[in-house]
Amino acid sequence: MTSTSSPHFFSLSNKFEFPISTSNPRLNHDKIFSSFSFRNIHTPYKFISSHPKPRFYLSQSHRCHLSLNDSSSIDPIEEEGKTITTNPDVQVQSCTWNWRDYSIRYQVSGNTGPALVLIHGFGANSDHWRKNIPVLAKSHRVYAIDLIGYGYSDKPNPCEFGDKSFYTFETWASQINEFCTDVIKDEAFFICNSIGGLVGLQAAVMEPQICKGIVLLNISLRMLHIKKQPWFGRPFIRSFQNLLRNTSVGKFFFETVATPQSVKNILCQCYHDTSQVTDELVEKILLPGLEPGAVDVFLEFICYSDGPLPEELLPQVKCPVLVGWGDKDPWEPIDLGRAYGDFDTVEDFVVLSDVGHCPQDEAPQLVNPLVELFVARHAPTKASASAV
């Protein structure tokens, strides 16, 4: 199958179908994609010729489109008779880690394979990965962490730190790196959503020896960053931030959004498939936000318009990066996000068709195998190595 005149598909199992496409002359795809294992399915890919950077198009029907120009082609080879099986014995444990005298909640599952650290976005917590942890744990050691200030981790009052900001990407990056050192005791892949992507990138820049690779799912563009505002508007932004942080206006605003209906309305904005916005999801997001100290963290972060931008961190990252983007994200438009696919460190840009801002929860049937393929490519298991 070498023609590129029409879309091509190949099946990894009777449940998932994916295409592979390629598009970056800066990458040696014979080395990157030569072969890897999808759980118990050995799927080698033979590249007939080089081409620029890989582009995937994944849709909710579990298919994706192979996009190649006329000078390139790919031979997918499917191994017959293999299926993905579920494992009812996978257990997810909720644990506590003492970090710098703060209590940090994390969830863990799986006892074999590469380590994955799942990093949530703004206002969320490790429960936002509840559809991913047990699936990925079948062949990985999976850790989902509540960043300090979120979920059921401690929420120190930012006023305790004086003029020095505490809730920054540097703080959270240090938390992730020290978690890998103290708890995982190994290198890890970072799987990130929204602002969690900034955390993962910052961590990889600060301690490059820890991170093996990063998956960025609808990373925050940080459109409210001070550098992205016109010079004449910056004083007004600062004044508004001070109003929220230092007066009762901010707490009143928080009280209006920290209700079940408000949370549901917000989630329905960023989820394309609103049927995925269930009462369970609303509860998982809302309840930790009602914990003592949550309002101060909320206001501190929405007033945080400094710090790094993705386009500043990506050139500094030494590990491979895959960017996945739900094309129906109203908050982080894909037309702006596509630019991240042009960075040298980004080897794949994956379009998640008809998916919103939180692909891992809205479309886990797309995200879970995508993560598995990326990790297998860069940390082949013993099974896949022996099969080659």
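Modeller: A residue is called buried when its relative accessible area is under 20%, exposed when that area is over 50%, and partly exposed in between, using a 1.4 Å probe and protein chains only. This is a predicted model, in which local features need pLDDT of at least 70 and side-chain atom pairs count only at pLDDT 80 or more, whereas totals for chains, interfaces and linings use all residues. Residues are numbered from 1 along each chain as its sequence is written, and side-chain values use heavy atoms, with hydrogens and water left out.

Biologist: What share of the residues counts as buried?

Modeller: Of the 388 residues in the protein chain, 55% count as buried.

Biologist: And how many helices and strands are there?

Modeller: The chain has 14 helices and 14 strands. These are DSSP runs numbered from the N terminus, with helices being H or I of at least four residues and strands being E of at least two.

Biologist: Which residues have the most contacts inside the largest nonpolar core?

Modeller: They are Val117, Trp172, Ile176, Phe190, Ile214 and Leu216, in a core of 53 residues. Helix H3, residues 169-184, supplies the largest share of this core, with seven residues. A nonpolar core here is a set of buried Ala, Val, Leu, Ile, Met, Phe, Trp, Tyr and Cys residues joined through side-chain atoms within 4.5 Å. There is also a second, separate core of 25 residues, which includes Phe189, Ala363, Leu366 and Val367.

Biologist: What does Leu216 touch?

Modeller: Not counting residues up to four places away in sequence, Leu216 touches Cys192, Gly197, Leu201, Leu314, Val321, Leu322, Val323 and Gly324. Contact means heavy atoms within 4.5 Å.

Biologist: Back to H3. Is Asn177 buried or exposed?

Modeller: Asn177, which lies in helix H3, is buried, with a relative accessible area of 4%. With residues up to four places away set aside, Asn177 touches Phe190, Ala203, Met206, Glu207 and Ile210.

Biologist: A change of topic: which residues of helix H7 are buried?

Modeller: In H7, residues 260-270, the buried ones are Ser262, Val263, Leu267 and Cys270. Seen down the axis of H7, they fall within an arc of 130 degrees, so they line one face of the helix. That arc is taken from the directions from the helix axis to the C-beta atoms.

Biologist: What do they pack against?

Modeller: The buried residues of H7 pack against helix H6 (248-257), helix H8 (279-289) and helix H12 (359-362).

Biologist: And where is Cys358?

Modeller: Cys358 sits in the loop between strand S14 (346-352) and H12. At 5% relative accessibility, Cys358 counts as buried. Leaving aside neighbours within four places in sequence, Cys358 is in contact with His128, Asn193, Cys270 and Tyr271. Cys358 and Tyr271 are 87 residues apart along the chain, and their C-alpha atoms are separated by 6.9 Å.

Biologist: How many salt bridges does the whole structure have?

Modeller: A search finds 12. A salt bridge is a side-chain nitrogen of Lys or Arg within 4 Å of a carboxyl oxygen of Asp or Glu. Side chains of opposite charge can pair when their charged atoms come close.

Biologist: Which residue does Asp146 form a salt bridge with?

Modeller: Asp146 pairs with Arg105, the closest N and O atoms being 3.0 Å apart. Asp146 lies in the loop between strand S10 (141-145) and H3, and Arg105 in strand S8 (residues 102-109), so the pair ties together parts that are 41 residues apart in sequence. Asp146 and Arg105 are both buried.

Biologist: Which side chain does Asp361 meet in a salt bridge?

Modeller: Asp361 meets Arg130 at 2.8 Å, N to O. Asp361 is in helix H12 and Arg130 in the loop between strand S9 (115-119) and helix H2 (133-136), so to speak distant parts of the chain, 231 residues apart. Both Asp361 and Arg130 are buried.

Biologist: What about Asp186 and Arg141: where in the chain do they lie?

Modeller: Asp186 is in the loop between H3 and strand S11 (188-193), and Arg141 is in strand S10, 45 residues apart. Their side chains meet in a salt bridge of 2.8 Å, N to O. Asp186 is partly exposed, with a relative accessible area of 34%, whereas Arg141 counts as buried at 17%. Elsewhere, salt bridges that share partners join Arg130, Lys131, Glu280 and Asp361 into one network.
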